[in-house]
Amino acid sequence: MSEDPALFSLIDAMGKPCPMPLLMLKRALKARNQKIFLLKSSDPHSQTDVSRYCQLHQLKFEFKKISDTEYHYLIES
């Protein structure tokens, strides 16, 4: 999957503690406005929440640690 901004909807959860990144992802998936989402999070625990949710719901996802305080998830529904 590519991080081309024309292909995805951005979910900016920077500065929001868990479980907010996951809740924001769920809300975006429910709206069904886009098939691909880029979730940006600053909470290190979001990796566990998002990866388990995607596996449980059979969603393709890629994880990228940008820094110690920034994590990106590219999720395809």
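Good morning. Please keep in mind throughout that the model is a predicted one.

I shall begin with helix α2, which spans residues 46–56. Which of its residues are buried? They are Ser46, Val50, Ser51, Tyr53 and Cys54. These residues share one side of α2, because they cover an arc of only 160° around the axis. The buried residues of α2 pack against α1 (20–31), β2, β3 (60–67) and β4. On the face turned away from that buried side, we find the exposed residues Arg52, Gln55 and Leu56. Just after the helix comes Gln58, with a positive phi of about 50°.

Ser41 belongs to strand β2, which covers residues 36–41. Is Ser41 buried or exposed? Ser41 counts as buried, because its relative accessibility is 0%. The side chain of Ser41 makes a polar contact of 3.1 Å with the side chain of Ser46, and Ser46 is one of the buried residues of α2. Leaving aside residues up to four places away in sequence, Ser41 also touches Ala13, Met14, Pro21, Thr69, Glu70, Tyr71 and Tyr73, besides Ser46.

Glu70 leads us to strand β4, made up of residues 70–76. His72 lies in this strand, and the side chains of His72 and Glu70 are joined by a polar contact of 2.7 Å. His72 counts as buried because its relative accessibility is 7%.

Next, the aromatic rings. A pair of aromatic rings is described by the distance of the centres and the angle of the planes. How many aromatic pairs does the structure hold? There are two. In one of them, Phe63 and Tyr71 are stacked, at 6.1 Å centre to centre and with 15° between the planes. The other joins Phe63 and Tyr73: their ring centres are 5.2 Å apart and their planes stand at 40°, so this pair is tilted. The pair links distant parts of the chain, since Phe63 is in strand β3 and Tyr73 in strand β4, ten residues apart. Through these ring pairs, Phe63, Tyr71 and Tyr73 form a cluster.

Phe63 counts as partly exposed, because its relative accessibility is 31%. Tyr71 counts as buried at 6%, and Tyr73 counts as buried at 0%. Tyr71 and Tyr73 are also among the residues that Ser41 touches.

Finally, the cysteines. A search of the whole structure finds zero disulfides. For comparison, a disulfide requires the two sulfur atoms to lie within 2.5 Å. Cys54, by contrast, counts as buried, because its relative accessibility is 0%. With Cys54 we return to helix α2, where Cys54 is one of the buried residues.

Thank you for your attention.

Definitions and conventions: Residues numbered from 1 in each chain as written. Predicted model: local features only at pLDDT ≥ 70, side-chain atom pairs only at ≥ 80, totals over all residues. Heavy atoms only, no water. Helix = DSSP H or I, 4+ residues; strand = E, 2+ residues; numbered from the N terminus. Buried < 20%, exposed > 50% of the residue type's maximum accessible area, 1.4 Å probe, protein only. Polar contact = N/O pair within 3.5 Å; in protein donor to acceptor, adjacent residues only side chain to side chain. Contact = heavy atoms within 4.5 Å. Arc of directions from axis to C-beta. Phe/Tyr/Trp six-rings, centres within 6.5 Å; stacked < 30°, edge-to-face > 60°.
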